[in-house]
Amino acid sequence: MSITADDAAIGLLQELVSPDNVSADPNTLHIKASALVARLKALNRNANAATRAHKQATTEARQEMDQTHLGLQNLLYEKRHLEKEIDKCRQFASIYQDVPLYSLTEFKELAPPEARTEDALQNPHQLMLNRLSFELAERQRLDLRRKELTTQKEDLLKQSKLKLATVESVKSQIDALMKAAAEIQKKVDELIPPLPTSTHDTPTPV
């Protein structure tokens, strides 16, 4: 068992008050005792300082451990959250799965060259993205063409209605003219009696 500095100083003090030093010079004993007491006080201060330092280090270590534990808990929580999100994504039925796409052969024939490069065709994910983009572009193009044809159809219908209205108007005018002509003919017939006819006036055939 090792002897500490405190134990050594206390031992020296005990020697000063032992019966062996009864005949020693009191001043000398006082000086030695004062020196030993001062040494004990210094050792006590150092011990208190070391204790405070140890407590501070322990507190800091505990705080650091708590922070580390909290960080670990946060990481575990985030890990569980991400795992749940990954499971949701794996179970999620994306709408593109129900979208009828151009077949791969049609895509290779119709898609722009930059969308069907060798690297893109070898990458399933990029290939699906390119096919979806091409499908969207084609549907937008066809929808625009449909709108153009719808506009043309509406214009033709308007023109047809205008022509039909014109024909109906001309027909009404002709009917009105024919009716007026019939009225005029009737009045003429009333004003001019018909010529009399006689059988002897008819020339005899030779």
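Ile-184, Val-188, Leu-191 and Ile-192 come together as a nonpolar patch on the surface. Their accessible area, taken together, is about 430 Å². Ile-192 belongs to the segment that follows α5 (124-191). Its relative accessible area is 57%. Ile-192 is therefore exposed, as the cut-off for that class is over 50%. The model is predicted, and the values below are computed from it.

The protein contains five helices and zero strands. Read from the N terminus, its elements follow the order α-α-α-α-α. Of the 206 residues, 8% are buried. The accessible surface of the protein is about 18100 Å². Carbon and sulfur atoms contribute 60% of that surface. Contacts between residues at least 6 apart in sequence were also examined. Among these, 51% link residues at least 24 apart.

Helix α5 comprises 68 residues. From its first C-alpha to its last, α5 reaches 99 Å. At 1.5 Å a residue, 100 Å would be expected, and the computed value is close to this. The N-terminal end of α5 is capped by Asn-123. A side-chain oxygen of Asn-123 lies 3.1 Å from the backbone nitrogen of His-125.

Where along α5 do buried residues lie, and what do they pack against? The buried residues in α5 are Leu-127, Asn-130, Arg-131, Phe-134, Glu-135 and Glu-138. The packing partners of the buried residues of α5 are α3 (104-110) and α4 (118-122). Thr-117 sits in the loop between α3 and α4. With a relative accessible area of 34%, Thr-117 is partly exposed. Thr-117 and Leu-127 are ten residues apart along the chain. Their C-alpha atoms are separated by 9.3 Å.

The salt bridges number six. One of them joins the side chains of Glu-135 and Arg-139, at 3.0 Å from N to O. The two residues are four apart in helix α5, so about one helical turn separates them. Their accessibility classes can be set side by side. Glu-135 has 9% relative accessibility and is therefore buried, since that class takes values under 20%. Arg-139 has a relative accessible area of 42% and is partly exposed.

Glu-138 takes part in a further salt bridge, with Arg-141. The N to O distance between these side chains is 2.9 Å. Glu-138 and Arg-141 are both in helix α5. They are three residues apart, about one turn of the helix. Is Glu-138 buried or exposed? Glu-138 counts as buried because its relative accessibility, 14%, is under 20%. Arg-141 is partly exposed, at 46% relative accessible area. Glu-138 has another side-chain partner. A polar contact of 3.2 Å connects its side chain with that of Tyr-102.

Another salt bridge pairs the side chains of Asp-143 and Lys-147. The N to O distance in this pair is 3.4 Å. Both residues lie in helix α5, four residues apart, about one turn of the helix. Asp-143 is partly exposed, with 29% relative accessible area. Lys-147 is also partly exposed, with 45%. Asp-143, Arg-146 and Lys-147 form one network, joined by salt bridges that share partners.

The nonpolar surface patch includes Ile-192, which lies in the segment after α5.

Note on methods:
Residues numbered from 1 in each chain as written. Predicted model: local features only at pLDDT ≥ 70, side-chain atom pairs only at ≥ 80, totals over all residues. Heavy atoms only, no water. Patch = residues over 30% accessible without salt bridge, like charges linked within 9 Å, V, L, I, M, F, W, Y side chains within 5 Å. Areas by Shrake-Rupley, 256 points an atom, 1.4 Å probe, with all protein chains shown as cover. Salt bridge = Lys/Arg side-chain N within 4 Å of Asp/Glu carboxyl O. Buried < 20%, exposed > 50% of the residue type's maximum accessible area, 1.4 Å probe, protein only. Expected span 1.5 Å × (residues − 1). Contact = heavy atoms within 4.5 Å. Polar contact = N/O pair within 3.5 Å; in protein donor to acceptor, adjacent residues only side chain to side chain.
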